[in-house]
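Work through the exercises below with the sequence and the coordinates open. Try each task before reading its solution.

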Amino acid sequence: MSLDFQSWASSCQTRIETFLEARLPAVDCVPERLHKAMRYSVLGGGKRVRPLLSFAAGELAGADSERITIVAAAVELIHAYSLVHDDLPCMDDDILRRGKPTCHIEYDEATALLTGDSLQTLAFELLAERPLADAPEAQLEMIAQLALASGSRGMAGGQAFDLDSVGKMLSLPELEFMHIHKTGALIRAAVMLGARCSSCLSNEQLAKLDHFAKCVGLAFQVVDDLLDTEATTATLGKTAGKDAEHNKPTYVSILGISQARELAAKLQHDAHQALDGFNEAALRLRQVTDFIIKRKF
C-alpha cells in the first residue's frame, strides 16, 4: 500500500491497457475491419473503473495479480461491448464516446454490431482459457456470474427497462431496480470476480463485498446522472444533456440535483460501512469509491 491512490490507479490502468492491447486481435488479422473496430472501441480511453474495482477487491483477497488482470479485462470487454451497442441508432443513438466518434460513426452500424458481439465473446474466452481460481467449481461460478450480470437479468435487461421507460415518470424504487441491473450488475461482477480469484475470503466476507458493490453501482449511476446535467460534452467525452433531451427518467429528474447529491453521499457512506471489518486491506476499495463519487467525467 505504499503507492498513493493516483499512482496505484495509473499502474492498474496501464496494466489493463497493456493486457488488452496484447489480447485483442491485431489489425492485420482477418477480418481486418472488424478487428480495427474492436481495438478502436476498447483501447486508449475510459476511466477503467470496473478494472480498478477488480484489482482492489483482488488485492483485498490476496489474489494473484495475473488472475486479477484477466478477470478485470473480461469485465472491461463486456463494458466496452455494451457501450458500442448502447450508442447505436436503435438504442441511445449517440455520435460521441470517450471523446471520439462512436464505433458506428467511425465504421458503420453492421461493423459496430459485430464489434460488440466479438468483444462479448472474447471476454468469456479469457475467463475460460486458464485457471483463475483455486478450484474449478469457483471458476465456473465466476463465469456464470459474469454471464448473469451481462444478460437479460442483468445489464441487457436493465437497458431494455431503460428503453421502455423513456417518457415515463418512474418511482424511485423502479429507477433503482433499473440501475441495479443496467449499471450495477457489471460493477458487482467486477468486485466479486476480483475477490474470487482467491479462496481466502469467507462467504460472510463475500456477502459484505457484494453489498458494498451494490452501493457503489448505484452511486456510480447517481453521479452519472448529475454529470449529464451539469458537465459539458468536452469534459464528459460524450454528449451531455442527452437524458433530458430524450425525456429519460434519472435520479436528477426524480429527486432534483440537491437530493441526488445527498443520495450519492449516503451511498458512499453505506459503501464504506460495508467494508467495516476489512481494515487496511480495503483501502483501495474505499479510494475507488471516493473516486467514483468525486469524479468530474
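The exercises that follow concern a predicted model.

**Exercise 1. Overall build**

Task: Determine how many helices and strands the protein chain has, and judge its radius of gyration against that of a compact globule.

Solution. 
- Step 1. Assigning secondary structure to the protein chain gives 16 helices and two strands.
- Step 2. A compact globule of 297 residues would have a radius of gyration near 19 Å, and the protein chain has 18 Å, so the two agree.
- Step 3. Along the principal axes, the box filled by the C-alpha atoms is roughly 50 × 45 × 35 Å.
- Step 4. Of the 297 residues, 52% count as buried.
- Step 5. Take the contacts with a separation of 6 or more: 73% of them come from residues 24 or more positions apart.
- Step 6. The protein chain exposes about 12900 Å², and carbon and sulfur atoms supply 55% of that area.

**Exercise 2. Cysteines**

Task: Find how many disulfides the structure holds, and explain the result for Cys12.

Solution. 
- Step 1. A disulfide is a covalent bond between the sulfur atoms of two cysteines.
- Step 2. The cut-off for a pair of cysteine sulfur atoms is 2.5 Å.
- Step 3. For Cys12, the closest cysteine sulfur belongs to Cys197 and is 13 Å away, which is too far for a bond.
- Step 4. Cys200 is in no disulfide either; its nearest cysteine sulfur, also that of Cys197, lies 11 Å away.
- Step 5. The count for the structure is zero disulfides.
- Step 6. Next, are these residues buried or exposed? Cys12 has 5% relative accessibility and counts as buried, whereas Cys200 has 59% and counts as exposed.

**Exercise 3. Charges over rings**

Task: Which rings have the charged ends of Lys100 and Arg295 over them?

Solution. 
- Step 1. The charged end of Lys100 sits over the ring of Tyr40, at 4.1 Å from its centre.
- Step 2. The charged end of Arg295 sits over the ring of Phe220, at 4.0 Å from its centre.

**Exercise 4. The surroundings of Arg23**

Task: Describe where Arg23 lies and which residues it touches.

Solution. 
- Step 1. Arg23 is in helix α1.
- Step 2. At 27% relative accessibility, Arg23 counts as partly exposed.
- Step 3. Leaving out residues up to four places away in sequence, Arg23 touches Leu122, Glu125, Leu126 and Glu129.
- Step 4. The C-alpha atoms of Arg23 and Ala73 are separated by 9.4 Å, and these residues are 50 residues apart along the chain.

**Exercise 5. Backbone checks**

Task: Locate the cis peptide bond between Val30 and Pro31, then examine the positive phi values of Arg48 and Arg98.

Solution. 
- Step 1. The peptide bond joining Val30 and Pro31 is cis, with omega about 0°. Pro31 is in the loop between α1 and α2.
- Step 2. Arg48, although not a glycine, has a positive phi of about 60°. Arg48 is found in the loop between α2 and α3 (49–60), and at 4% relative accessibility it counts as buried.
- Step 3. Arg98 is likewise not a glycine and has a positive phi of about 55°. Arg98 lies in the loop between β1 (96–97) and β2 (100–101), and is partly exposed, with a relative accessible area of 23%.

Methods. Residues are numbered from 1 along each chain as its sequence is written. This is a predicted model: local features need pLDDT of at least 70, side-chain atom pairs count only at pLDDT 80 or more; totals for chains, interfaces and linings use all residues. Side-chain values use heavy atoms; hydrogens and water are left out. Buried means under 20% relative accessible area, exposed over 50%, partly exposed in between (1.4 Å probe, protein chains only). A charge sits over a ring if NZ of Lys or CZ of Arg is within 6 Å of the ring centre and within 35 degrees of the ring normal. Helices (H or I, at least four residues) and strands (E, at least two) are DSSP runs, numbered from the N terminus. The radius of gyration is taken over C-alpha atoms; the globule rule is 2.2 Å times the number of residues to the power 0.38. Contact means heavy atoms within 4.5 Å. Accessible areas come from the Shrake-Rupley method with a 1.4 Å probe; for residues, only the protein chains shown count as cover.
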